[in-house]
Amino acid sequence: MALTPTVEEQGSAPELEVRNLVKRFTAQSVVGPLSFGVAAGEFVSLLGPSGCGKTTTLRCIAGFEVPTEGSILLNGLAIEGQPPNRRNIGLVFQNYALFPHLTIFENVAFGLRLRRVGDAQLRQRVGHALELVGLPHLAARYPRQLSGGQQQRIAIARCVVLEPRILLFDEPLSNLDLKLRLAMRRELRELQRRLGKTAVYVTHDQGEALALSDRIVVMSNGRIEQIGSPQEIYERPANAFVADFIGSSNLLDATVVGTDGAATIINAAGLTLRAGVVGHTAGARILAMVRPERIRVAGTDAAAGDNTLNARIREATYLGQDLHLTLRLDGGQELSVVTQGSAARRLVPGEEVVLTVAAADIFLLPK
Amino acid sequence: MSPAPPRQRPYWTALVLPLALYLIVFLVIPFIHIIVLSFYTYSPTRIWTPELTIANYVGLADASFLTVLLRTLRLGLVSTLICVLFGYPLAYFLARAERRVALIGLFFLVMPLMVSAVIRTFGWLVILGRNGLVNGAITALGLERLPLLYNETAVVIGLANVFVPFMVLPLMASIERINPALEEAARNLGASWLATFRRVILPLSRPGLISGCLLVYSAAISAFVVPMLMGGARVRVIGRQIYDQLLISYQWPNASAIAALLVIATTSLAFFVLALMRRSARQEPDA
C-alpha cells in the first residue's frame, strides 16, 4: 500500500527529476540546460510561449525525444534511455489521439490488453476508469461520436486505467471552447488530487497554469525563467519576461536614486517613486513593474507613503466587471490600469486623473 | 420554406462522358464480342462459325489447363505477398518522410513504370542470368550457381518489381491519413513497435492495403511479358496461354473462353473484396 509521503521524503527526493536536460535540434534550436524536480502528488506546469521548449521537455519525459545531454530520473532511476512503451508514464495528448477504429471501451482497454490483463479484471478496470471520468454509458460508442470534452475525458481514462507512475498533459484543453475549458480545468485538478498522481502539465495559457498548478516552471527560449508557486510567480516575478508573460504589467525603465530605509527611491521617466523593497544600489538601471489592478484611479484614498501620479486617460474600455484604462503619464509613458467597472465613476478619454500606487506594489526587476 | 428543387444531375456529370464513350467503344464492346466468341464453335478452316456451344468452357476442365490456371493464381498470390512485404515499410517511410524526400522516393518508386516492360525485363536477365551479377557474386564466393531464370522465382521477382508501386501508392495514401499522435499514444500505453503496427497502423491502413493487393493481384495474374521473358517455356501462365491459342493455334473461341474466365475471376474478386470493405465500413458509424 502506498503511504502518504512525509514532508521530509518530499523534500529530500522528488519523484520526477529533470537534471541538466539538453535537447539540441540544430545549432540555433536548443532546449536547456533545464533542471527541475516534481514531488510526489505535485501538479507542476511548464508554462511559456510556443517554441519555448516546454513540449520538447514533456516529450523527453514521455520518451518520444531522446535528450542530447542530461538525465531524467523517476524515483531516483534514470529513464532517459528507456523506450516510451517501457516507462509507464501516462500522456494526455492535445488532440486526444483516441484510436478511431476502436470503441471507447477498447480505447480504454488498449493498454490493459497489451499487458494481457484477464477478461474479468479488464472489464472491471475499464468500467471503473469510465466511471471515474463520468462516461460509463459511452463504452460502446466510437470516438468520433463524442464531443471534444468527452474525448478528452476518455483520453484521461485511457491513461489512468494503467495506473501510471506519473501523468503528463500536453495542452489538453486547448482544443476546447472557453466554457468547457474552464469546467474541464476544475475537473482535471479534482481528479488529479483524488488520484494523488504526480502531474506535469504543459500549457501556454497562464490562466490555466495559475489555476491548476502547485508550482509553475516558466520557460522561454529553451530556458527556465522562474520556478515557483502561482502566487510567487504572479506577485514576485523574477524578471521582466515573467512579469510580462504572467498577467499584464506595466514596465518602466528606472534608475535607483537611493533609499529611505523602508523603500528604494527610483527615478522613472522623470518621476520619483518609492518602491517597497530594499537592497538596490544607487545608480543601478532597473525595471519598475506595477500590475494594472494595483493602480488606483483618482486617489481619494491615498495613504501616507503612496506614490501619486498625474495622468490623462487616452482610452477606456468597459468590460462589465472591469474597466480597462490606458493612460498617459506626464512623462509620455503609457500605463494600463484595471479598475472595477461598477465602482468607477464615469471616466472618459481626455480626462485628467490622479493615480495612486502603494510603494509595496512597485517591484524592481533586473534589466 | 421553399419547395425542394426537383432532383437534378449535377452539371459536371457530363465530364465523364469522353472517357465513358472511349471505354464503351474500346473496352465494353470488344469484351462483349469476346464473350460471344467464347460460345462460338471452332472451325479449322474459318477460325469460328456462329454455332453456339459450351464446349470451349467444358474443354478448360483438363489437367494441363488447370495446372496453368493454378500456377498463374499462385504466382499472383506470391507476388502480391512480396509486394506487401516490401511495400509496407516503404509506404510507411514515404508517408512519414518530409515532403522533399518523399518526392524523390516517389520518383524512384514509379521509375520502373516509366521504362518499357521489355527493356526492364532484359535488365533482369542481365542480373539474374547464368553469368549475371548475382551468380557472378555467388561463384566469386565459391558457392554453387543458383537457377534464377526461367522458373517461377524469376517470374515472381519480375512481377513484384513492376507492381510494387501499385501496392505502395494506395498504402502510402492510407498511412498519410493516420495521425502520428496515434502511434505515440499506442507507444505511451505500452505498445512495442510491432504491437503499434498490428493494433494501430495495420487496421487504419487496411483500405489502402486491400486496394493495393487487388491492383497487384489482378495485374499479376494477367501479366504476359514478364512471365514470357523471365519464365521461359516452362512457366506457362494464362496470359501466355491466351496469346498462344489466339496467335499460334488460331483457337479464337477457346482463347475467348479463357479470357472471359480471367476477366470474370478478377472482377468478381474485386467486387467481393470491395463489398466486404463496404460492410466493415458500415459497422463503424458515420463521421
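**Helices, a sheet and a chain contact**

Let's start in chain B, where helix α7 (residues 152–176) and helix α10 (residues 206–221) pack at about 160°, their axes 7 Å apart. Here helices are DSSP runs of H or I with at least four residues, and strands are E runs of at least two, numbered from the N terminus; axes are lines fitted to C-alpha atoms, for helices over the stretch in contact, with angles from 0 to 180 degrees between N-to-C directions. So α7(B) is roughly antiparallel to α10(B), a label for angles over 145 degrees. The residues of this contact split into 14 nonpolar, four polar and no charged. Nonpolar covers Ala, Val, Leu, Ile, Met, Phe, Trp, Tyr, Cys and Pro; charged covers Asp, Glu, Lys and Arg; the others, Gly among them, are polar.

This is a predicted model: local features need pLDDT of at least 70, side-chain atom pairs count only at pLDDT 80 or more, and totals for chains, interfaces and linings use all residues. Residues are numbered from 1 along each chain as its sequence is written, and chains are lettered from A and ligands numbered from 1 in the order written.

Over in chain A, an open antiparallel sheet of four strands runs β2-β1-β4-β5, where pairing takes at least two DSSP bridges. β2 (30–38) and β5 (77–78) of chain A each have a single partner strand, so one side of each lacks a neighbour in the sheet. β1(A) and β4(A) pair over five bridges, and A:Glu17 stands opposite A:Leu73 of β4(A).

Finally, the chains meet through 18 residues from chain B and 19 residues from chain A, contact being C-beta atoms, placed from the backbone, within 7 Å. On the chain B side, α8(B) gives the largest share, six residues.

Terms used:
Contact = placed C-beta atoms within 7 Å. Parallel < 35°, antiparallel > 145°, perpendicular 65-115°, else oblique.
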